[in-house]
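Have the model open beside you and try each task before reading on.

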Amino acid sequence: MQTRHKILRRPKIVVIGGGTGLSVMLRGLKEKPLDITAIVTVADDGGSSGILRNELQIPPPGDIRNVLMALADAEPLLTEVLQYRFKSVPGLAGHSLGNLMLAAMTDISGDFVAGIRELSRVLAVRGRVLPAAEKAIVLKAEMADGSIVTGESMIPKAGQAIKRVFLEPADVEPLEEAVEAIEQADAILIGPGSLYTSIIPNLLVPKLASAIVGSEAVKLFVCNVMTQPGETDNYSVGDHLDAIHAHIGHHLFDYVIVNDGEIPPQIESRYAEMGAKAVHLDLDAVTQKGYEVIADRLVLFRTFLRHDAERLSHHIYKLVENWMLRKR
């Protein structure tokens with residue numbers, strides 16, 4: 001009777017992105033036997049993160065905080081406290097306690113990365129969380145009419161199709177630990193998240209992009225379930241991939257993971273009122289470009305549509321496991 005071989009160590013997986021979708025997915029991945037490093041965007045300039053970024057001259061903490069919470073083994077009450085957002089306290093309104101703690105840790109340690117490391121220890125985080133760069137970066141967009149919009153939070157509000165996004169400065173240095181994690185990875189996972197404001201900014205950091213291109217790891221893209229008003233209006237799966245290729249100049253991914261589960265009409269109607277709709281899977285166009293597609297029912301609906309973290313992480317782990325077995 002044939003026995004199934006098992007991989008001999010925990011695969012090293014690097015997850016790159018930002019926003020809510022990344023955090024949801026990481027809650028599932030942390031339950032798998034994986035050595036996780038999350039590389040998180042530092043382009044956010046809105047809300048609490050934007051205020052702390054400007055006043056304290058630190059990278060924006062919001063996406064980092066969400067990823068730390070997703071990977072934490074802390075008591076649920078502690079997680080709830082750190083996600084608590086002050087409402088009417090003068091000087092604190094709009095700030096989350098977790099953002100303030102990251103700012104405090106940075107001030108105490110004198111270094112943003114060290115602050116993340118210390119908070120990770122307190123929260124018993126499963127894995128490493130790293131900013132894409134040690135300094136905040138400014139994201140700009142050239143719109144379809146040729147105008148330039150400055151600021152991650154302003155780009156979706158411009159009311160124009162996005163032609164391209166770019167960083168200022170363009171030659172921003174990545175965190176060395178992030179480059180090393182990519183070079184040592186067995187798998188690199190990009191998405192889900194806002195295409196132009198959470199995903200592509202990481203890939204525009206020159207040395208990060210070249211490390212990904214040069215890596216022999218299996219490379220996976222998790223596509224968003226819904227389009228995003230002001231960013232990906234009417235985009236198909238292929239359009240998402242084309243936008244990344246246009247910015248990076250390389251065919252990055254081996255596999256594309258997409259949702260093909262039905263979305264109830266009443267939920268589609270609710271999203272349509274906000275200008276969003278399900279991302280269409282143009283399967284022939286995607287496969288003709290050399291991507292292998294993994295499609296499954298990957299959505300859950302609570303207040304909003306979210307990826308089913310358990311099903312999604314199952315697919316990701318199986319792809320990584322099979323890749324490593326083939327390399328043996």
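**Exercise 1. Find which residues of helix 3 meet helix 5, then describe how the two helices pack.**

Step 1. On the helix 3 side the residues are Gly-62, Ile-64, Arg-65 and Leu-68, and they meet Gly-98, Asn-99 and Leu-102 of helix 5. Contact here means heavy atoms within 4.5 Å, and helices (H or I, at least four residues) and strands (E, at least two) are DSSP runs numbered from the N terminus.

Step 2. Sort this contact by class: 3 residues are nonpolar, 3 polar and 1 charged. Ala, Val, Leu, Ile, Met, Phe, Trp, Tyr, Cys and Pro count as nonpolar, Asp, Glu, Lys and Arg as charged, and the others, Gly among them, as polar.

Step 3. The axes of helix 3 and helix 5 (residues 97-109) come within 9 Å and cross at roughly 105°. Axes are lines fitted to C-alpha atoms, for helices over the stretch in contact, with angles from 0 to 180 degrees between N-to-C directions.

Step 4. Helix 3 is therefore roughly perpendicular to helix 5 (65 to 115 degrees; under 35 is roughly parallel, over 145 roughly antiparallel, the rest oblique).

A note on the source: this is a predicted model, where local features need pLDDT of at least 70 and side-chain atom pairs count only at pLDDT 80 or more, while totals for chains, interfaces and linings use all residues. Residues are numbered from 1 along each chain as its sequence is written, and side-chain values use heavy atoms, leaving out hydrogens and water.

**Exercise 2. Describe the lining of the second largest pocket.**

Step 1. Its volume is about 210 Å³. On a 1 Å grid over the protein atoms alone, a pocket is an open set of points with protein on both sides within 12 Å along at least five of seven lines, a cavity is a set where a 1.4 Å probe fits but cannot get out, and lining residues have an atom within 4 Å of a point. Points are joined across faces, edges and corners, and a volume is the space filled by probe spheres set on them.

Step 2. The lining includes Thr-20, Arg-27, Arg-306 and Glu-310. Helix 1 gives the most, with 3 residues.

Step 3. By class, this lining has 3 nonpolar, 2 polar and 5 charged residues.

**Exercise 3. What lines the largest cavity?**

Step 1. The largest cavity holds about 50 Å³.

Step 2. Its lining is Cys-223, Asn-224, Val-225, Val-237, Val-258, Asn-259, Val-279 and Leu-281.

Step 3. These divide into 6 nonpolar, 2 polar and no charged residues.
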